[in-house]
Amino acid sequence: ERMLAISAGLLVGGTVLIGVVPAVASTPQVTKVKADKSCIEHTYIEKLGTYYPGVTTANEIGTYGTYHDPILDSSGTTQLGTGVGTLDVLYKRPSDGHIIEYTTEQYQFADGTVVVSDYFDRTNLLAFKWVSESAKGTSGAYLGMSGKVTSRVISFTAPGYPALDKFILCK
């Protein structure tokens, strides 16, 4: 399973908003700490926030932008943090024509920060498939932890084009 990482940078138009839209993903568990406490797993909803400088599509190679997204609990009603990052649509992979993007995002929560930075297949993200990126805890409860964040678009018709983000970080 994988969610977008990001999250991150779902944009209106172009490749970003293509596909049949499922109504809603199953309700995720908000927080789970493994018994040995060496790993932390969080599941959130990330919604499209504000993009600068007014990016409207991420389907064209060379598109670059910065964004500021609210991070919500699994019900999508309570804000738990903020995602701030950049996106860079780099190229179409010759083998299958999929769009490859690089994102760097800092997730800021009350108990610490997590930085996500990696390449991912934007075409898969737009097809409601899970995508994965590397993550590293940089402060608070997450300091010294590393792992993955996986993302999947939940809907292209719901306000904010929500994505389901799953973090698994371990010491």
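Modeller: Start with the whole chain. It has 1 helix and 10 strands. This is a predicted model. In sequence order, the pattern is β-β-β-β-β-β-β-α-β-β-β. The chain has 171 residues, and 48% of them are buried. Take the contacts with a separation of 6 or more: 57% of them join residues 24 or more positions apart.

Now the salt bridges. The whole structure holds 3 of them. Begin with Arg93. Its side chain meets that of Asp96 in a salt bridge, at 2.9 Å from N to O. Arg93 also forms a salt bridge with Asp121, and there the closest N and O atoms are 2.7 Å apart. Asp121 sits in strand S7, while Arg93 sits in the loop between strand S5 (79-92) and S6, so this pair ties together parts that are 28 residues apart in sequence.

Asp121 counts as buried, because its relative accessibility is 10% and the cut-off for buried is under 20%.

The remaining pair is Arg122 and Glu101. Their side chains meet in a salt bridge at 2.2 Å, N to O. Arg122 belongs to helix H1 (residues 122-126) and Glu101 to strand S6, so the pair links distant parts of the chain, 21 residues apart. Arg122 has 0% relative accessibility and counts as buried. Glu101 is buried as well, also at 0%.

Strands S6 and S7 turn up again in the largest nonpolar core. That core has 13 residues, and Tyr107, Val114, Val116 and Phe167 touch the most other members. Strands S2 (39-46), S6 (99-109), S7 (112-121) and S10 (163-170) each give it two or more residues. Another core lies apart from it, with 8 residues, including Phe120, Leu125, Leu126 and Phe128.

One more link deserves a look. A disulfide joins Cys39 to Cys170, with the sulfurs 2.0 Å apart. Cys39 is in strand S2 and Cys170 in strand S10, 131 residues apart. The torsion about the S-S bond is about 110°, so the disulfide is right-handed. Cys39 is buried at 8% relative accessibility, whereas Cys170 is partly exposed at 23%.

Notes:
Residues numbered from 1 in each chain as written. Predicted model: local features only at pLDDT ≥ 70, side-chain atom pairs only at ≥ 80, totals over all residues. Heavy atoms only, no water. Core = buried A, V, L, I, M, F, W, Y, C linked by side-chain atoms within 4.5 Å. Buried < 20%, exposed > 50% of the residue type's maximum accessible area, 1.4 Å probe, protein only. Helix = DSSP H or I, 4+ residues; strand = E, 2+ residues; numbered from the N terminus. Disulfide = S-S within 2.5 Å. Contact = heavy atoms within 4.5 Å. Salt bridge = Lys/Arg side-chain N within 4 Å of Asp/Glu carboxyl O.
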